[in-house]
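Open your viewer and keep the sequence panel beside it. This tour tells you what to select next and what is there.

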Amino acid sequence: LIGLNSSGVYGNLNAETLGLEPAVEAKWNQVSVRLSYSLQRTQNRDTGISLPDSPENMVKLNFSAPLYEDKLFAGLEIQYTSQTKTEIYNPFVTPAIQPGPNCPGYTTVNFTLFSHNLFVKNLEVSVGVYNLFNTKYNQPSSDFHLQPYIPQDGINFRLKATYRF
């Protein structure tokens, strides 16, 4: 892992991550449900301190169901990310890297419509709405930002078309 060390210089960190990710999935006809949980702990071996921008817990719940034969599907995804630590870089103090405030955990919901061969053979089209409920959340920033975390975009729309020949 390459990161900013306590003297403000980039170098290799003696980092270690331990974790696990169990998942369970069920399918009934063409309806599927998947639940996964990630647990990870990342720390600097030299200091024993947990590293920033590394959430310990993440949970995902996915649903997918057909709306029209095997051509049009709807998908719903719920994602939870636990709080993360942040750092503040200040070259005028020693050490230059200080712990920042925790970046709060958050939950987002995404919704997607996906079509396969609906109107044209070999054409896939998907429309997604990400952060469906316009959740206000933050991600930790880099050491060179003044703020410890950066607000993320609200609701997003995406359109994707793929033609296979």
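**Stop 1: a charged pair**

Select Arg34 and Glu25. They form a salt bridge, with their closest N and O atoms 3.9 Å apart. A salt bridge here is a side-chain nitrogen of Lys or Arg within 4 Å of a carboxyl oxygen of Asp or Glu. Side chains of opposite charge can pair when their charged atoms come close.

Before you go on, note what you are looking at. This is a predicted model, where local features need pLDDT of at least 70, side-chain atom pairs count only at pLDDT 80 or more, and totals for chains, interfaces and linings use all residues. Residues are numbered from 1 along each chain as its sequence is written, and side-chain values use heavy atoms, with hydrogens and water left out.

**Stop 2**

The structure holds 4 salt bridges. Select Glu16 and Arg45. Their side chains meet in one of them, at 3.1 Å from N to O. Glu16 sits in strand S3 (residues 15–20) and Arg45 in the loop between strand S5 (31–44) and strand S6 (57–68), so the pair ties together parts that are 29 residues apart in sequence. Glu16 is partly exposed at 27% relative accessibility. Arg45 is partly exposed too, at 48%.

Next, select Arg164 and Glu124. Here the N to O distance in the salt bridge is 3.5 Å. Arg164 lies in the segment after strand S14 (156–163) and Glu124 in strand S11 (residues 123–130), so this pair links parts 40 residues apart in sequence. Glu124 counts as buried, at 16% relative accessibility.

**Stop 3: along strand S10**

Select Asn110. It lies in strand S10 (residues 106–116). What does Asn110 touch, not counting residues up to four places away in sequence? Its contacts (heavy atoms within 4.5 Å) include Gly75, Leu76, Val129 and Tyr130. Asn110 and Gly19 are 91 residues apart in sequence and 26 Å apart in space, C-alpha to C-alpha.

Move to Tyr106, also in strand S10. Tyr106 counts as buried at 15% relative accessibility. Beyond residues up to four places away in sequence, it touches Gln79, Tyr80, Thr81, Tyr137, Asn138 and Gln139.

**Stop 4: the whole chain**

Clear the selection and show the cartoon. How many helices and strands are there? The protein chain has 0 helices and 14 strands. These are DSSP runs, numbered from the N terminus: helices are H or I with at least four residues, strands are E with at least two.

Zoom out. The C-alpha atoms fill a box of roughly 65 × 35 × 30 Å, taken along the principal axes. The protein chain has a radius of gyration of 21 Å, whereas a compact globule of 165 residues would have one near 15 Å. That radius is taken over C-alpha atoms, and the globule rule is 2.2 Å times the number of residues to the power 0.38. Of the 165 residues, 22% count as buried.

How values were computed. Buried means under 20% relative accessible area, exposed over 50%, partly exposed in between (1.4 Å probe, protein chains only).
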